Amino acid sequence: MKFTPMEVDGVHLVEMERREDERGWFARSFAEEEFAEHGLIPDVAHANVSFNHRAGTVRGLHLSLPGHPESKFIRCTRGAIVDVAVDVRPDSPTYLKSVMVELSADNRAGLYLPPHLAHAYQTLTDDTEVLYMVSVPYKPGAEMGFRYDDPAFGLDWPLPVSVISEKDAAWPAFDRDANAAVFAAGVQS
């Protein structure tokens, strides 16, 4: 696998290295030891699949609360998405920077996010399927979020938003002081 550090501290683009022959090709899509060698959390507690009917669907921006350090590894297995990570960790050298990467069934790339980054994606095609692995089990109430269109982040989504959940549309605006207070309460990573 090829690991490429992105503009946000701790985020990596992970690309498969194909071995081809007359049958087709083979590639490793995840390897615990390779993730660890690159300083990434290799733990997988859950593997989740999200199916989205319409292009333009947005899911997020979500992040795990301090005390629940959830890393994520995201792949698009059908269709295409633009995957977004926003650094809201107040002590990070890339605080408030974001990464936006296209992941698709065609490019087969994955995006690794360390704990406590705000994460979202938008589908670029109808009938899109996303696989994401998380490092800790789901814990009700251990997440927070921000609006996908919050001006503090300046995200330029490629499509108009066609579908978004009530929960995601209702997240509060980003507030530096409130965010700093949440993180000061004790991030464990």
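1. Strand 11, side chains. Leu117, His119, Tyr121 and Thr123 point one way from strand 11, Ala118, Ala120 and Gln122 point the other way, and all of them are buried. Buried here means under 20% relative accessible area, exposed means over 50%, and partly exposed is in between, with a 1.4 Å probe and protein chains only. Strands (E, at least two residues) and helices (H or I, at least four) are DSSP runs numbered from the N terminus. With 7 of its 7 residues buried, strand 11 is largely enclosed by the rest of the structure.

2. Basis of the values. This is a predicted model, in which local features need pLDDT of at least 70 and side-chain atom pairs count only at pLDDT 80 or more, while totals for chains, interfaces and linings use all residues. Residues are numbered from 1 along each chain as its sequence is written, and side-chain values use heavy atoms, with hydrogens and water left out.

3. Overall form. The protein has 3 helices and 13 strands. Its radius of gyration is 16 Å, which agrees with the value near 16 Å for a compact globule of 189 residues; the radius is taken over C-alpha atoms, and the globule rule is 2.2 Å times the number of residues to the power 0.38. Along the principal axes, the C-alpha atoms fill a box of roughly 60 × 40 × 30 Å.

4. Burial, contacts and surface. Of the 189 residues, 44% are buried. Among contacts between residues at least 6 apart in sequence, 80% join residues at least 24 apart, where contact means heavy atoms within 4.5 Å. The accessible surface comes to about 9600 Å², and 49% of this belongs to carbon and sulfur atoms. Areas come from the Shrake-Rupley method with a 1.4 Å probe, and for residues only the protein chains shown count as cover.

5. Charges. The protein has 17 positive and 29 negative charges, and their mean positions are 2 Å apart. Lys and Arg count as positive and Asp and Glu as negative, with His and the chain ends not counted. Each charge is placed at NZ of Lys, CZ of Arg, CG of Asp or CD of Glu.

6. Strand 8. In strand 8 (residues 80-87), 8 of the 8 residues are buried, so this strand is largely enclosed by the rest of the structure. Both faces are covered: Ala80, Val82, Val84 and Val86 are buried on one side, and Ile81, Asp83, Ala85 and Asp87 on the other.

7. Partners of strand 8. Strand 8 runs antiparallel to strand 9 (residues 98-104), and 7 bridges join them; two strands pair if DSSP finds at least two bridges between them. Within this pairing, valine 84 stands opposite methionine 100. Strand 8 also pairs with strand 11 (residues 117-123) in the antiparallel sense, over 7 bridges. There, isoleucine 81 has threonine 123 as its bridge partner.

8. Strand 6. Strand 6 (residues 58-64) has 6 of its 7 residues buried, so strand 6 is largely enclosed by the rest of the structure. Strand 6 is antiparallel to strand 11, with 4 bridges between them, and arginine 59 stands opposite tyrosine 121. A further antiparallel pairing, over 3 bridges, links strand 6 to strand 13 (residues 143-145). In this pairing, leucine 63 is the bridge partner of methionine 144.

9. The bond between glycine 60 and leucine 61 is cis, with omega about 15 degrees. Leucine 61 lies in strand 6. Most peptide bonds are trans, and most residues other than glycine have a negative phi.

10. Positive phi in two loops. Leucine 96 has a positive phi, near 70 degrees. Leucine 96 sits in the loop between strand 8 and strand 9 and counts as buried at 18% relative accessibility. Aspartate 127 also has a positive phi, near 50 degrees, and is found in the loop between strand 11 and strand 12 (128-134). Aspartate 127 is partly exposed, with a relative accessible area of 32%.

11. Proline 66. This residue is in the loop between strand 6 and strand 7 (72-78). Proline 66 is buried, with a relative accessible area of 19%. From C-alpha to C-alpha, proline 66 and histidine 38 are 23 Å apart in space, and they are 28 residues apart in sequence.
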